[in-house]
Structures are given as structure tokens and as C-alpha cells.
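Please walk me through this structure in the viewer, one selection at a time. For each stop, say what to select and what is found there.

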Amino acid sequence: MSTAKRRGVGFERVDDVSWRIPRDESWGMRVDGLVFADAALAADLEGDPSLEQVANVATLPGIRGASLAMPDIHWGYGFPIGGVAATDASLGGVVSPGGVGYDINCGVRLLRTDLRLEDAEPRLRDLMDALFARVPAGVGRSGPFAFDDAELTDLLAGGAQYLRRRGLATDDDVAQCEAGGRIEGARPDLVSERARRRGADQCGTVGSGNHFIEVQVVERVEDRRVAAAFGLEEGCLTVLIHSGSRGLGYQVCDDFLRDFQGVPERYGIELPDRQLACAPIASPEGQAYLGAMRAAANFGFANRQLLAVQVRDTFEAVFERPWPRLGLELVYDVAHNIAKEEEHEVDGERATLLVHRKGATRAFPAGHPELPARYADVGQPVFVPGDMGRASWVLVGGPRSLERSFGSTCHGAGRRLSRHAAVRAARGRDLRGELEERGVIALAHSRKGLAEEQPDAYKDVDAVVDVVHRAGLSTRVARLRPLGVIKG
Amino acid sequence: MSWRHVAHTADVGIEVEARTREELFAEAAEALTALLVAAPDDDGDADADADDGAATEADAAAATAAGGAVGDAGSATAAGGAAGDADAVAPVEVPVRVPPGDDAAMLRDWLAEVLVVFEVDGVVGREFPVAIGPDGLTGAVRGTRFDPARHSRGLEVKAVTYHGLRVEAVPGGWRAAVLLDV
């Protein structure tokens, strides 16, 4: 067993795919930290402040099992990105807005198509140009969908299900979403006026940063049975949408983090980092945050649905066929920044836990009662976007996810370079041209944004996926190769 | 008085030094605004000369002085006011109040307010008067409406975080560090 020490945080190899940060009471840790990584990823983590963040999360009251991190872990604020923490209300467990993040219900959805690459290729550039022209992306862009105050309240309560009532989502669109596209218990009344104003005209917009819409081709199927159940076939086009709850969600998180200052002290909770501010799940403060968070999460589901509507409209225009005839159906929509109440077995007993996933994806295996009927026998689809030059992955909830990670897996490749370092690395280069040489049409509203998100800024998604596959958290179904991407 | 932007794997930090606490707060607001509103060419030239991994005030100022063209057509969307009309250059002042608290909490809350004034009211601040007393902070964002003809959107800053937040008195003045989620 090799041990590396860093500023008091131990880091020991458990097996080929996991590393432990042993519980250290002097640090205030209540449980171990457990990081899923192979030797190479673990070596990269040496000296990384994200490990301290895993240890800090282990200090939260009521945390069960371990403070977990997925192999795409990187330094966040408070929680590491790639972190999973399950807290138990019956043991004084807390909810931490920082354990969800500012972009509440940031997530991904995958649309599949019947279009084969060889048939679609002549119109690919037109398609990307049309997507870029029609789908709002970029900083602060507002969308074509306007909701008045009463409608926004209904949207915050109903998520994608509200859009179905408005004729903007099909039954399948709703059924193929995590939580049916609507998290119960939302409290739109607890979403502040400024959060509403900040996000009201942004439902149906991509945003900036690492958000995108990517057109891809199924390059390789690794699990034929599951791929067939997901409607994926080698050589067919897919569309991956990555966005969240936009300014509304950011503001909900910010409002509650501010309100939570002083709350831990009120409940006698000592924290190593202010950003971990939290409140007991059962407290009025905790319940208020959860109500507002669920409303913002519903906004996130609705946002990705409205993006899908615009993608379908664009495909119809470019391929001159109604979208159902293109088979442009939703495979699934999954959140990777959220806290959900779920039933899990821990320490040999059933417990209702609040699972915080901050840059981690739910990955329930076959047979789980929360899965839509269509996937009951195969497991939940998981989408892991890689960088725009390499690949993204479709995985399926794995056999060991419930026992090892509260039904969670990775959410992306994980950043390797800071945004600034990425911009520096791009200086003097023609990134768009480089991507075109790799067969990717990249359209971004900001060249700097493109530089920040260039392939070199990220870890190798294949390596990250290899770890979660071998750990049994989620297993490989298909590798998707990017053809074109639009970004903010 | 000075500020610089510092790199963080997923986010961006601001480090500020000033002679007084009020100047510190104003400087921090200026540094935040320099991220929100890109210099006319938002494509990396603003920090082309920074060799220590940090964009600096001087770089941003130089880039701002370089001209008035918008960097990328389409990237600039008014956060608020209409483009091109007289309102766009009319001075606007939005008052800001922050309840009393420790210096770090007040700095964070102040910057969070400056962010909201930009995101919701569409006001690009140029001056940030600040007074701090027993009732907390009384200040304002003084500037003009966001105008795509003159401004270009920079980073999408989601929030001003508490992570690594620091305000301290040092010999000869004050120093602060703030991390932004972008």
C-alpha cells in the first residue's frame, strides 16, 4: 500500500480503481474520503487541493458511507467538482447548497436520430450554421421563449411536465427524464425576485462556459443490447445538450449561501470552509433551500427541453422532414448538479439519504424502481461529455453503483488546465482550424471561450470512463465522436 | 491600489490591494467588471502580455484604450438597455446596500450586488463609491447601460463565492482575495 501525504491529508491505494483518504479526527472527518481513480489519475491528484475538499466534505454532520469523488474530480469551491456526499436526516444530516453548486441541475440530455452519417454529411455544415444561428448561446443571451410571472411559477413547479401541458414536450420527453423532468416539492415562492429576473428570459438558452450543443456520430458500440434499448446504432447521428438552470439557478444558490452564513453556528456545526455552509435537512432553513433548489432544478429540466425543441426545429428545417421522421427522440436527460432524496442501503440498513451530486451523475442499475419502464431491464443511461475534439460516452448504470457510490458516476472528463492556462496555450493557434482537421466544426460566439474549452484543457475522457467502468459504477455502451459543436 | 485576476482550475480569482477598505471594495468591483465586460477584443489579447498566469489592470486598461469595435458579432447582447440610442451613454447610478457583517462577508455581498446590477439591470459600472459604517455598506454602481456597440460580454460569472475569501489589514493598507465561479 503506497501512501502519499499532503498537508495532513492521507491518500492510500485501496484497489486498482479507488483511493482512500483515511478518516482523520483531527481534521474533523466523520467518515473516510474515497476517490475513484486509477494509478495515473491518482498520481495527477497528488498535491491537488481537491483532495482536501474531499476531506472537508467528510466533516459534514450526518454524512454516511464516505465522502466520495469520481475520477473526473477537480478543484471546486467548498465541494470538489466530481464529489458525492449522502447525508442522513435521521442522524442530523445537513444539506449544503455548495454540494449542489451554483448551476443547479446542470445536466445533459442525449437525442438520437435515424440519420446516418453518410447521408447527413453533405448538410452537416448547414446544420451547424443553422444551430448556431437559431439556438441562443453565449453570455447572457435571452431565448425566444418568454414566460410571464404566473407561467414562470408553473414552470418552476412543473419542470418539463409543465412544458408538456403547453405542447412543448411529448409524453416520451417527460418519461425519459430523470425524475420525470419534475422534482416534487418545489417551492417557486422561495425563488427570489432577482433570481426570477435573472433567469426568466433564459429558459431555452445554452449559456457559456462549458455548456454546448454537440452533433455527434455513434462511432463504436460496446454493448449491443443496451445500445439497442437506447436506440443507438453505429454510424447514426446523436445530439448532446449540456446546460443547466442559467442565471435563475445561480441566483438561487447565491441567495441561500448568503442566508446560510451564520446558520451552521446556530446549529452548532463547525466547518473548515465557509463555502460548505449548510443546515440540517430537517431545519426550516434546510427545507427552504431544498424547496427553492427543486424549483431551480425544474427550470433546468425545462431549459434543456426547450433547447431540444429548438434542435428539432433546426433539424426539420435543414433535413426538410418532421423531426419524428428523423427519429430525433430523447434517449434520456440526467442532472449532474443536484441533491436528491433517495433510498439506499448503508452499513447494512435501509436509509433515506439526501445524495448531493456536485459534478456527478446518477447511475442506477437495471431493476431500480426509479427507472422509466423502457430502461427497467437495462439500467439508467449516463452521458459523459468529453472535450470537443475527442469523444463523449454513453454509459449505463452499473451493477456496483448502489453499493459503492450511492448510485453515482462521473460527469465529464474533468478540467486539467485552468481557463487562463488554456487561453495561454491557445495563443497564436487557430483552434477552429485544428478542430476542423480533426473533423469537428466548432462554432463559438467567443474565441476566448473556445480557447478555454479546447481539448487540451481536459483530461482524457476515455481514462475517466475506464475507471468508472472497471469500478462497476457505470459501464460502457457507446463512444460518440463529435462532428460539430456550438458554444457560447 | 491594484488588482489582478488569478487562475484557478475551474474558476477565476481576484486579488486586490488598496490603501483603505473603501478603496479595496471599489477596486474589487472594478476587477469583477473587467471580467464581465470584455475589452473590445475579448479574445485573449487583453492578457497577452501577462506572463505570470494573471491578467492585470494595466492589460485590461490598454485593451480598453485600443478601440471601440465589438470583438465577435453576436456575442454581445444587451443585458439591459437598448443599443445605440442616447440612453446607452446616459449615466446611470444604482444604489447598493449591504448589511453589516465581517469585512469578508461584506466584500462578497457587495460584489454579489455588483454582479446582479450588471446581470439584471444591465448596468456596467465605471465608478463604485463605497462607504462603510455601523449600518453596513452604502455604495453605488455608477456607469452606463450595457451597449453592444461599445461593450462586449466577457465571462459569464455565475457567482462570487465564499471559498478562500479573505480580507485583511496589512501594513500600509488592505488586501483581499475572492474566487468567482465562472
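Start where the two chains meet. Select the residues of chain A that are in contact with chain B: there are 41 of them, facing 32 residues of chain B. Keep in mind throughout that this is a predicted model.

Within that selection, colour four helices of chain A: α7 (193–199), α9 (246–260), α14 (419–426) and α16 (447–452). These are the elements that give two or more residues to the side of chain A that touches chain B. Which helix gives the most? Select α9(A), which supplies six residues.

Next, hide chain B and look at chain A by domain. Select 3–99 for domain 1 of chain A. Then select 107–151, 161–184, 200–245, 301–333 and 361–487 together for domain 2 of chain A. Taken over C-alpha atoms, the centres of domain 1 of chain A and domain 2 of chain A are 28 Å apart. The contact involves 18 residues from domain 1 of chain A and 18 residues from domain 2 of chain A.

On the side of domain 1 of chain A that touches domain 2 of chain A, select α1 (39–45), β5 (63–74) and β6 (81–88) of chain A, each of which supplies at least two residues. β5(A) has the largest share of this side, with seven residues. By class, this side of domain 1 of chain A has eleven nonpolar, four polar and three charged residues.

A cartoon view shows 17 helices and 20 strands. Along the principal axes, the C-alpha atoms of chain A fill a box of roughly 65 × 50 × 50 Å. A compact globule of 488 residues would have a radius of gyration near 23 Å, and the 21 Å of chain A agrees with this. Of the 488 residues of chain A, 65% count as buried. Among contacts in chain A between residues at least 6 apart in sequence, 77% join residues at least 24 apart.

Colour chain A by confidence. The average pLDDT of chain A is 94, and 98% of the residues score at least 70. Then select residues 1–6 of chain A, where the pLDDT is below 50. Beyond near neighbours in sequence, this stretch has 13 contacts in the model.

Bring chain B back and show chain B as a cartoon: it has three helices and twelve strands. Of the 182 residues of chain B, 52% count as buried. For contacts in chain B between residues at least 6 apart in sequence, 67% join residues at least 24 apart.

The largest nonpolar core has 219 residues, and Ala28(B) and Leu111(B) touch the most other members. Helix α11 (residues 284–319) of chain A gives the most to this core, with 15 residues. Domain 1 and domain 2 of chain A both give residues to this core, so it lies between them.

Which residues does Leu111(B) touch, not counting residues up to four places away in sequence? Select Ala28(B), Ala29(B), Leu32(B), Val160(B) and Val178(B).

Key
Residues numbered from 1 in each chain as written. Chains lettered and ligands numbered in written order. Predicted model: local features only at pLDDT ≥ 70, side-chain atom pairs only at ≥ 80, totals over all residues. Contact = placed C-beta atoms within 7 Å. Domains from an automatic or database assignment. Nonpolar A, V, L, I, M, F, W, Y, C, P; charged D, E, K, R; others polar. Buried ≥ 20, exposed ≤ 12 C-beta atoms within 10 Å, placed from the backbone. Rg over C-alpha atoms; globule rule 2.2 N^0.38 Å. Core = buried A, V, L, I, M, F, W, Y, C linked by C-beta atoms within 7 Å. pLDDT = per-residue confidence, 0-100.
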